[in-house]
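Trainee: Please show me how to read the features of a structure like this one. I would like the general idea each time, then the case at hand.

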Amino acid sequence: MKYWRRAFLTAVLIVLSSRAATGFGTISVLGQSGEHEKITVVALTPFAIDPWTLSEIKGRTRVFGAVGAPDSPFRGLLLIKAAHCDGGDTLKTANYPQDAKTAEKILTQCRDWIFRNLRRAVEEAGGLVDAKLRVAPAEQPPRTPCPFSGRPTGHKCNVLEAIGLAFHAAQDFYAHTNWTDMPVDGRVSLTNPTGLGKDVPAPWIDPRLNAPFPNGLISGCFDGVPERLFCRGRVRHAVLNKDTGPIDIKTGAIGAGTTERGRQKGNFARAVRTAIADTRDKWKYFEEQIVQKYGAARGRLIICTVRRDDPATCKAPPGIRQ
């Protein structure tokens, strides 16, 4: 009986992780097309990351990877608003259940989550190369998948997990908020919230800047399913999200979204393009911070070990003793 109860609960969690407030799709099942994976692949292409390492970051069919870890039913982050930029809903209407100050606070927790995980990735990266420029040996057998369970493992897996958590939340920022949405036609309402119409990454979630909170920024309510019950009288995630739609990683073509909001005025494509640009910029920031924290020689060597599948292929620059 206990086995069947566990199996049932696991199945429910998998459905929730695939169909609820998980942001861009993570795995290619149940209506998703691996949107997080595809956004990550396109974003990281310029950095020539080795195949196994890239696969660990992006995930693959039926495997969540680092960027998909918050959607895993076994990771414990499905209902954590900060991990998905959920819950920042408000409207300028009388008696709305959540005021603007509370909505801003909730969205700020998502921004803090992104920044905190980027810092953690930089800190963990220091364990890959010591101060004498000695590259740490591989911390696990080659090609052994990282668990991304939230528990400390080797430095490389810890770096990738932290990067993945930051990427996921940042990508969900564009899927779940109204930042990129073209302004909608008709009266603003619970089922027709306005959009900000931006087509560039949000300065507010750029860790280099101290940008003010964007006026009018909201995300959708998600406190459980069915949303009509848990988010009664509020702008729901189901109304605002642009989670799913076709992305061709070979041609770069982005099709029409398959959610109501995503279908409107090219909103899915706008969200995807901006998420790609933001993800690419956050990897650049990650590498910038490594060089700034550890110095040029050690920093470049650390970056090599993060990008390469085999750390033994990374060598100190000529003339610098290891």
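Trainee: How many nonpolar, polar and charged residues are in the lining of the largest cavity?

Mentor: Rolling a probe the size of a water molecule over the atoms shows where empty space is left. On a 1 Å grid over the protein atoms alone, a cavity is a set of points where a 1.4 Å probe fits but cannot get out, a pocket is an open set with protein on both sides within 12 Å along at least five of seven lines, and lining residues have an atom within 4 Å of a point. The lining of the largest cavity divides into 3 nonpolar, 4 polar and 2 charged residues. Ala, Val, Leu, Ile, Met, Phe, Trp, Tyr, Cys and Pro count as nonpolar, Asp, Glu, Lys and Arg as charged, and the others, Gly among them, as polar. Among the lining residues are Pro147, Phe148, Arg151 and Glu161.

This is a predicted model, in which local features need pLDDT of at least 70 and side-chain atom pairs count only at pLDDT 80 or more, while totals for chains, interfaces and linings use all residues. Residues are numbered from 1 along each chain as its sequence is written, and side-chain values use heavy atoms, with hydrogens and water left out.

Trainee: What volume does the largest cavity have?

Mentor: Its volume is about 30 Å³, where a volume is the space filled by probe spheres set on the grid points, which are joined across faces, edges and corners. About 360 Å³ of space lies in the largest pocket. That pocket is lined by 17 residues, and Thr90, Lys92, Ala100, Gly216 and Ile218 lie nearest its centre.

Trainee: Is Phe148 buried or exposed?

Mentor: Phe148 has a relative accessible area of 10%, so it is buried; buried means under 20%, exposed over 50%, and partly exposed in between (1.4 Å probe, protein chains only). Phi of Phe148 is near 50°, a positive value in a residue other than glycine. Lys265 also has phi near 50°, but at 44% relative accessibility Lys265 counts as partly exposed.

Trainee: How many helices and strands are there?

Mentor: The protein has 12 helices and 0 strands. Helices (H or I, at least four residues) and strands (E, at least two) are DSSP runs, numbered from the N terminus.

Trainee: At what angle do H2 and H7 pack?

Mentor: Two packed helices are described by the angle between their axes and the distance between the axes. Helix H2 (residues 35–44) and helix H7 (residues 155–176) pack at about 105°, with axes 11 Å apart. This makes H2 roughly perpendicular to H7. Angles under 35 degrees count as roughly parallel, over 145 as roughly antiparallel, 65 to 115 as roughly perpendicular and the rest as oblique. Axes are lines fitted to C-alpha atoms, for helices over the stretch in contact, and angles run from 0 to 180 degrees between N-to-C directions. His36, Ile39, Thr40 and Leu44 of H2 meet Phe167, His168, Gln171 and Asp172 of H7, contact being heavy atoms within 4.5 Å.

Trainee: Why is H2 largely enclosed by the rest of the structure?

Mentor: H2 is largely enclosed because 8 of its 10 residues are buried. These buried residues pack against helix H3 (51–58), helix H4 (65–68), H7 and helix H11 (267–294).

Trainee: Where is the cis peptide bond?

Mentor: The cis bond joins Val225 and Pro226, with omega about 0°. Pro226 lies in the loop between H7 and H8.
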